[in-house]
Every structure is written in C-alpha cells, then in structure tokens.
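The entries follow the order in which I looked things up.

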Amino acid sequence: MQFMIVVQGGPYTTQASLTALHFARAVLASGHKIYRVFFYHDGVYNGNALIAPPQDEIDLHQTWCALGKEHSLELIVCVASALRRGLLDATEAQRYEKSASNLDPQFTISGLGQLIDGALTADRTMTFGA
Amino acid sequence: MKKLLFVQSKPPHGSLQGQEGLDAILAGSAFVDCAILFSGDGIYQLLSRQHTDALASRDYAATYLALADYGVDQLYCVAADLKQRSLTMADLLLNPTLLDDAGVKALLHGADAILDF
Amino acid sequence: MLHTVNKSPDASALRQCLQFISVDDVLVLIEDGVYCGLSGKLCPANAIDSWLEGPSTAYAVLADVEARGLLGRIDPRVVLIDYQQLVSLCVAHPTSKRWS
C-alpha cells in the first residue's frame, strides 16, 4: 500500500513530528511505500537546516533528512506555510530578498496541490498534528 | 471520484489552523468535490460580525463567503455543537447543513479521505 | 474507520471522538491520548469506560505508555500496540480521523 503522511506539528514543541517519524519507519518496515510526506502548519519547521538540538536528544530534522535520503522520499513543505514561518529555499530567499535560506535541500517547497493529490492518490492518509 | 472531507475544529485567530485549513479546502476544490464539517469550536469560524482591524489579524472569514464560487457547497455543522454554544443559524455567515450525531457518523464514514484542521 | 486521540481526558478530544465513533471503528490512543486509557481505579470518571464495555476495541501505543510511566496503569481491556501494529490497523481501515 501507499501511505500519505501529513505532519502538522513542528519538531519538539509537540509530539507530532516524532510520532510521524516512528510511523513512517514502521510503514517502510512493514513493506509498504510512502507516497509523500507533506509538512503543513508548523510541520514546515521540520525542514529547518539550522536546527541544533542538544547532542543527547534525537535530531528530528536530521532524522527526517536521513529517512528521506535512504528511501528517496518526497518531503514536501507547503510554500505558504513555509514563507509565513520563515522557511525559505534559495529561490524563495532571493525572491523575497532575504539574507539567507534555511530549508534543507532534502525538503522541497511546493503547493497545497501536493497535499490534495496525496490524499486522493495514496491508499491511506495519516495525519499527525498538535 | 473520491470524496474529500475537511474538518475544521478550531476557532479562528487563536491559531493559524482555521485559515490554513481554508487554504487547503480551496486547493482541494480545484481537484474534487469537497465537503467541510465544522466540528466543536470550528463552528466559530462561521460566526458573523468578526471585526479584525483592532487585532490586525487576517479577516479570512470573508473567504468563506466565496466558497460557492469555488464549487464548495457541501458545508455541515453539528446540531449539538450549536446548541452547546447557544448559537443559531442566524448567528452564522453561511447556512451549513445541520447534522445530528448519526448524520456526522455517516458523513465521516462516507468520505474516502479526511483532512483534519 | 480508525480514530486517533492524542490528548489527555482533560481536553475534549476523547469526548468528541466517542460522540461520533461507530461500533465497527477502532480507537487508537497516541501521545498524550494514552492517559485516556488509565484504568477506572486511577481515573474514575474516565469516559472511555463506556467504549470498553462494548464490543469494540481500543488500542494504545506502547512507546507512549512506557514513556509516560503508565505501564501497569492502563485498563487491561486496552490493547497495547507498537508502530507496526498501528500500520496494520491503518491498512485494515481505509479512512482515519484525528481528534485533538
């Protein structure tokens, strides 16, 4: 089966991202596929490459990146949510004349159409929120 | 064609969930028929006479009035929620269909996917 | 249908879920929702009792139970599951609803 995973919580503030990560790993370990992981609301903060948690804590950002890289996952960050919260890739940083970009290249900025497409195309949709 | 149900469960302005939920609804309307359930405090999103100037918060409630232009006309709310909040249809911007508990269960089970906000 | 509750009984999530859950659905307690699964001795007014007395099942994520020191405190009728078992529940139920 193909799973669509929607992450609506930022790293650490609530458990949403951590639970979604455990769930994503379990989906793959069960032999299923992940159609897309869509980060919305504060979930976009998971894409922040500047996150530097204490060394004895799980690095949620890096863990998502590693999972995405290992399994070639689409980690999509909603553009409107991202801009509002200051998550910018190089293109958006240039467009809005900001001094820096901070979205990890493992994540891709895209539109809400990716959320809708995922919900309509995947066999199962699971949402983890605040 | 798949049926998408959006559930708005938070009141407006205290968080961005309602506004971003509405953005998702508008995006969804471009793909398929979408239905919206206003559940719990979500019904407050449809309360009329929201004046946002002093707060400098976005007056996104006005966008609900344009939903028909996007082809979104399946709006529902929960009778028990209105009663609990001493609200009537006259207090709302729009006229969602009132559902009893059995109606809500049927709506939830009739959807192919549910997006919660 | 699969329903997830991620807030403790203090919030309205469980009450709202139980208002609309059907007998063929499954209830899964995740994150802070596992506090909803406390046994009646520890949480006398626990609304989940009515659900557990019926034919339907409630589950709680074991990792969340253990993290919160609730092992041995959860109602024995609540089935403790790992994340792969949660995936299996999702496979068995085409739609899911999040209550928070």
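Below are my entries, starting with the conventions.

**Conventions.** I am working with a predicted model, in which local features need pLDDT of at least 70, side-chain atom pairs count only at pLDDT 80 or more, and totals for chains, interfaces and linings use all residues. Residues are numbered from 1 along each chain as its sequence is written, while chains are lettered from A and ligands numbered from 1 in the order in which they are written.

**Chain A against chain C.** I count two residues as in contact if their C-beta atoms, placed from the backbone, lie within 7 Å. On that basis chain A puts 16 residues into the contact and chain C twelve. I take helices (H or I, at least four residues) and strands (E, at least two) as DSSP runs, numbered from the N terminus. On the side of chain A that touches chain C, α1 (16–29) and β5 (124–128) of chain A each supply at least two residues. α1(A) gives the most, with six residues.

**Sheet of chain B.** I call two strands paired if DSSP finds at least two bridges between them. I found an open sheet of five strands in chain B, ordered β4-β3-β2-β1-β5 with parallel pairing. β4 (97–99) and β5 (113–116) of chain B stand at the edges with a single partner strand each, so one side of each has no neighbour in the sheet. From one strand to the next the twist averages 25 degrees; for angles, axes are lines fitted to C-alpha atoms, for helices over the stretch in contact, and the values run from 0 to 180 degrees between N-to-C directions.

I then looked up one pair: β2 (residues 34–38) and β3 (residues 74–78) of chain B run parallel and are joined by four bridges. B:I36 has B:L75 as its bridge partner in β3(B).

**Helices on that sheet.** Helix α1 (residues 17–29) of chain B packs on the sheet, where it touches β1 (4–8), β2 and β5 of chain B, and its direction makes about 165 degrees with that of β1(B). Helix α4 (residues 101–110) of chain B also packs on the sheet, touching β1, β2, β3, β4 and β5 of chain B, at about 105 degrees to the direction of β4(B).

**Helix pair in chain A.** How do the axes of α1(A) and α2 (residues 60–71) of chain A cross? They come within 11 Å and cross at roughly 20 degrees. That makes α1(A) roughly parallel to α2(A) (angles under 35 degrees count as such). Residues of α1(A) in this contact include A:L21 and A:R25, and those of α2(A) include A:W64 and A:H71.

Notes:
Parallel < 35°, antiparallel > 145°, perpendicular 65-115°, else oblique.
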